[in-house]
Amino acid sequence: MTEDRVYLAVALDVPLPGLFDYWHDAPVMPGVRVRVVFGRRVMVGLVWAMRTSPVVAIDRVRAIEAVLDDLPPLAQDWLRLVDFAARYYHRPLGEVALPALPPSLRKPAAYTGARAAGGPVCRADRRPGAVDRTPLSAVTPPPPLTLGQQHALLPLQALLDRGRGVALLHGVTGSGKTELYLHLARQVLAQGRQVLLLVPEINLTPQLEQVVRTRLDLGPGGLAMLHSRLADGERLRAWLRVVRGQAGLLLGTRLALMTPMPRLGLIVVDEEHDPSYKQQDGLRYSARDLAVWRGHDLGIPVVLGSATPSLESWRQAQRGEYQLVSLPQRAQAQSLPTIRLVDTRRAQLEQGFTPQLLQALDQRLECGDQSLVFLNRRGYAPVLRCASCGWVSQCRQCTAHTVLHRAAGRRAVLQCHHCGDARPVPRACPDCGDQDLQPMGRGTQRVEEFLGERYPQARIVRIDADATRRKGSAQALFAQVHDGQADILVGTQMVSKGHDFARLGLVGVLNADAMLFAQDFRAPERLFAQLMQVAGRAGRRMDGAEVLVQTDYPEQSVYQALLRHDYQRFAQAALEERQLLSLPPFSHQALLTAQATHLADALGFLQVVLDLARTLPTSAGVRLYDAVPLRVVRVARVERAQLLIESDHRRPLHALLQALLPQLDGLPASRPVRWGVEIDPQEI
C-alpha cells in the first residue's frame with residue numbers, strides 16, 4: 001500500500017518550526033492548498049514540496065483530507081518570497097504563507113457543508129461583484145511635465161529600460177512624484193505587465209484611486225485595491241483579479257506586497273519612510289524591505305518615493321546602492337510655505353494656542369483660506385486628574401494613563417489606547433471623593449471644542465481615528481475638506497501625508513516637542529519627517545502659505561533644519577550621530593521580547609537566553625544587551641520585557657539567531673512565557 005503513496009511537506013499556520021508530513025495517493029504540486037487534520041483541528045495547509053519518504057515514522061503520517069484545487073498552484077516566485085521572509089524574519093513558513101492569503105482561502109469551513117457551493121473561489125466567481133463594475137472614468141491626458149520632472153524622469157526611464165535596480169525618488173512635498181509614478185506605470189502596462197503601487201495608510205487609497213482611474217486606461221477590472229478594511233469577499237475578488245492577471249495595477253497597503261502577481265513589472269513604494277510599512281504583530285515584516293528584495297528576485301525596477309526618506313534608504317543612495325533621483329522644486333508655480341517657530345516659553349497660551357497662531361487663524365478665516373491645526377494626540381485630554389490629592393486616571397490592565405474621550409450625546413469615558421479598555425468617567429475622585437476632576441493637556445477633541453467656541457461661524461472638521469471608525473467616514477470627511485466645506489481642519493498624522501489640499505494656507509502645529517526627547521533613537525527622525533510632511537500640505541495651489549510650529553526648544557537642530565526645508569542637512573547630521581553610536585543603519589538589530597503574568601518570569605527567561613547566547617560560538621561579533629522592562633511594562637494584564645541583540649553586520653546577527661532560537665522553547669524558564677523575535681525593530 002505505501003508504495004502508491006506520495007509524501008507531502010505541508011506548511012501550516014502554527015507557531016511550530018518546520019513542515020509537516022502528510023500523504024496522498026497522487027502527486028500534488030507545491031503551491032497547492034490542502035485540507036488536513038492537525039492534532040484535533042482541521043486546517044488548510046500549503047504543499048511546499050513532495051518527498052520520497054517522510055521525515056517522521058511512516059505510521060505517524062496522516063493522509064490529507066482533500067486537495068483544494070479551485071486555484072492553480074501559487075507561483076514559484078511567490079513561494080520564493082515567502083521562503084525568504086520566513087528565513088529573514090525567523091518565522092515558520094506556514095506563519096508567513098497562510099496569513100498572506102485572503103481569509104476565506106484558509107478556512108476549512110469555507111469548503112465544507114451544504115453551502116460550500118464548490119468553495120469560496122467558485123462562489124466569488126458567481127457573485128455579481130466578481131467583475132469590477134466601478135464606472136470607467138474618462139481618461140484625461142497627462143499634464144506637461146515641469147523641467148524638474150523631465151530631468152527626474154530620465155534616470156527613472158533608464159532604470160525601467162534596464163529592467164532592474166532601485167531608485168530613491170527624493171522630492172519635496174508637492175513636487176509631482178505621483179505624476180512620475182503614473183508615467184512609469186503607463187509604460188509598464190503598455191508592455192502587458194503589472195504594477196504594484198504601495199501606500200502606507202488606507203486613507204490615502206481613495207484619492208490615489210481616483211487619480212489612477214482618470215489618468216491610466218486600465219479598462220474594466222484593471223485596477224484592484226487591497227487593504228485590511230475590505231470585507232472578506234471584496235478582498236478575495238480583488239486578489240483573484242490580480243492573481244489571474246486581469247488587473248494590471250494593484251494599489252494597496254503593506255499586505256498587498258504579499259500578493260502573487262504573474263506579470264509584475266514595476267514596484268512603487270510611496271512615502272517609503274513611513275513606519276506603517278512595518279507590521280507590528282504576527283510576522284513583523286517591512287513591506288518596503290521585502291519590496292526591494294522582490295524586485296531584485298524578479299529582476300524588475302523598484303521606485304521608493306518620499307520627501308523625507310528613511311535614513312536607511314538615504315544611506316543606501318549615498319553609497320550608490322540605490323540611484324538617487326531628486327525633485328527639489330514643487331510642480332506648481334507656488335513655492336514652499338514659510339515656516340516660523342513660535343517660542344512658547346514666554347507666550348501667554350490660550351488652550352494651548354499662542355497669540356501668533358490665533359492671529360494667523362483669524363487672518364485666514366477673514367480671507368477665506370483653509371487652516372489645519374495639527375496635534376498628534378486623539379481624545380479630549382491625555383489624562384484626568386484630581387487637584388486635591390493628585391490622583392490621575394490609570395488603566396486597570398496596563399501601566400498607562402487612560403485618555404479622556406468625549407462625544408456628543410454620550411457620557412464621557414476614560415479609554416486606554418494600549419488595550420482598549422474603557423469605563424465611564426467617575427463622578428468623584430476614587431481616592432478622596434473630590435468631585436472637581438480636571439482634564440490635563442489636550443487632544444484633538446478638546447482643540448475642536450475650543451475652536452468651535454472661539455469661531456462659532458467657522459466650519460470645523462476633525463479627522464482622527466475616533467472620527468473615522470465607520471467604513472467610508474474618512475473618505476467623506478476628506479471630500480468635505482477638498483470640496484471647500486471646511487474652514488479649519490483639526491487632525492492627527494492621518495492628515496499629514498499624501499493629501500492635496502488646494503486651499504490650505506496655514507498649518508499650525510501643537511505639542512511638537514512631545515517626540516523631541518523620546519527614548520527611541522528614531523524619535524528625531526520621525527519628528528522631522530512628520531513636521532516636513534504636515535508642512536507640505538500647505539500652499540500646494542496658492543502663494544503666501546505659512547506653517548507655525550509651537551515649541552519650547554526652537555534652537556534644536558530638528559527645527560533649524562525644518563526652517564530651511566533642508567532634509568539633506570538633517571540627514572547628514574543624523575547619520576553622523578548614528579555612525580558615532582553604531583546605531584542603524586550602521587548596525588543591525590534584533591529584539592527578543594518576552595511576555596508573562598509576572599515581570600520576574602519575563603526577565604528571568606531573557607536572562608537565561610542571554611546566558612545561553614553568550615556560550616554559543618556564533619555570538620562572536622554580536623553585542624548582547626541586558627534584559628529590561630518595556631517602557632509600558634504591563635498591557636492587558638501581561639508584563640513585558642525585551643532583550644536587544646546587535647551587530648555591525650547582518651550575517652553574524654542571523655547566525656546567532658539561527659543557533660539560538662530553536663533552543664528557546666526547550667528551556668524550563670520558557671514555560672510561563674510567550675516570546676517572540678523582531679528583526680530590524682522600529683521601536684525599542
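The charged end of arginine 5 sits over the ring of tryptophan 23, 4.0 Å from the ring centre; here a charge counts as over a ring if NZ of Lys or CZ of Arg is within 6 Å of the ring centre and within 35 degrees of the ring normal. Please keep in mind that this is a predicted model, in which local features need pLDDT of at least 70 and side-chain atom pairs count only at pLDDT 80 or more, while totals for chains, interfaces and linings use all residues. Residues are numbered from 1 along each chain as its sequence is written, and side-chain values use heavy atoms, with hydrogens and water left out. Below is a short tour by topic.

**Rings and charges**

- Arginine 406 also lies over a ring face, that of tyrosine 380, at 4.2 Å from the ring centre.
- The structure holds 10 aromatic pairs (rings of Phe, Tyr and Trp, its six-membered ring, with centres within 6.5 Å; planes under 30 degrees apart are stacked, over 60 edge-to-face, the rest tilted).
- Tyrosine 88 and tyrosine 89 form an edge-to-face pair, because their ring centres are 4.9 Å apart and their planes stand at 85°.
- Tyrosine 88 counts as buried at 13% relative accessibility, and so does tyrosine 89 at 3%; buried means under 20% relative accessible area, exposed over 50%, and partly exposed in between, with a 1.4 Å probe and protein chains only.
- Phenylalanine 528 and tyrosine 567 make a tilted pair, 6.3 Å centre to centre with 40° between the planes.
- Phenylalanine 528 belongs to helix α13 (residues 523-535) and tyrosine 567 to helix α15 (residues 567-581), so their pair ties together parts that are 39 residues apart in sequence.
- Both phenylalanine 528 and tyrosine 567 are buried.
- Ring pairs also link Phe84, Tyr88, Tyr89 and Trp293 into a cluster.

**Nonpolar cores**

- The largest nonpolar core has 129 residues, of which Trp78, Leu196, Trp239, Leu257, Ile463 and Leu664 touch the most other members; a core is a set of buried Ala, Val, Leu, Ile, Met, Phe, Trp, Tyr and Cys residues joined through side-chain atoms within 4.5 Å.
- Helix α1 (residues 76-88) gives this core its largest share, 8 residues.
- Apart from this core lies another of 31 residues, among them Tyr181, Leu218, Leu251 and Leu327.
- Leaving aside neighbours within four places in sequence, leucine 257 is in contact with Leu81, Leu196, Leu198, Ala287, Leu290, Ala291 and Arg294 (contact means heavy atoms within 4.5 Å).

**Helix α1**

- Helices (H or I, at least four residues) and strands (E, at least two) are DSSP runs, numbered from the N terminus.
- α1 has 13 residues and reaches 18 Å from its first C-alpha to its last, close to the 18 Å expected at 1.5 Å a residue; the expected span is 1.5 Å times one less than the number of residues.
- Among the buried residues of α1 are Trp78, Leu81, Phe84 and Tyr88.
- The buried residues of α1 pack against β4 (41-51), α2 (93-97), α8 (287-298), α17 (650-660) and β29 (674-679).
- In the loop between α1 and α2 lies histidine 90, whose phi is near 55°, a positive value in a residue other than glycine.

- The buried residues of α10 are Leu357, Leu358, Ala360, Leu361 and Arg364.
- They cover an arc of only 160° around the axis, which puts them on the same side of α10; the arc is that of the directions from the helix axis to the C-beta atoms.
- What covers the buried residues of α10 includes β15 (370-374), α11 (444-454) and β22 (488-491).
- After α10 comes glycine 368, with a positive phi near 85°.
- Threonine 444 lies in helix α11 and is buried, with a relative accessible area of 0%.

**Backbone points to check on screen**

- Most residues other than glycine have a negative phi, and most peptide bonds are trans.
- The peptide bond from proline 584 to proline 585 is cis, with omega near 10°, and proline 585 lies in the loop between α15 and β25 (588-596).
- Glutamate 271 has a positive phi near 50°, is found in the loop between β11 (264-270) and α8, and counts as buried at 5% relative accessibility.
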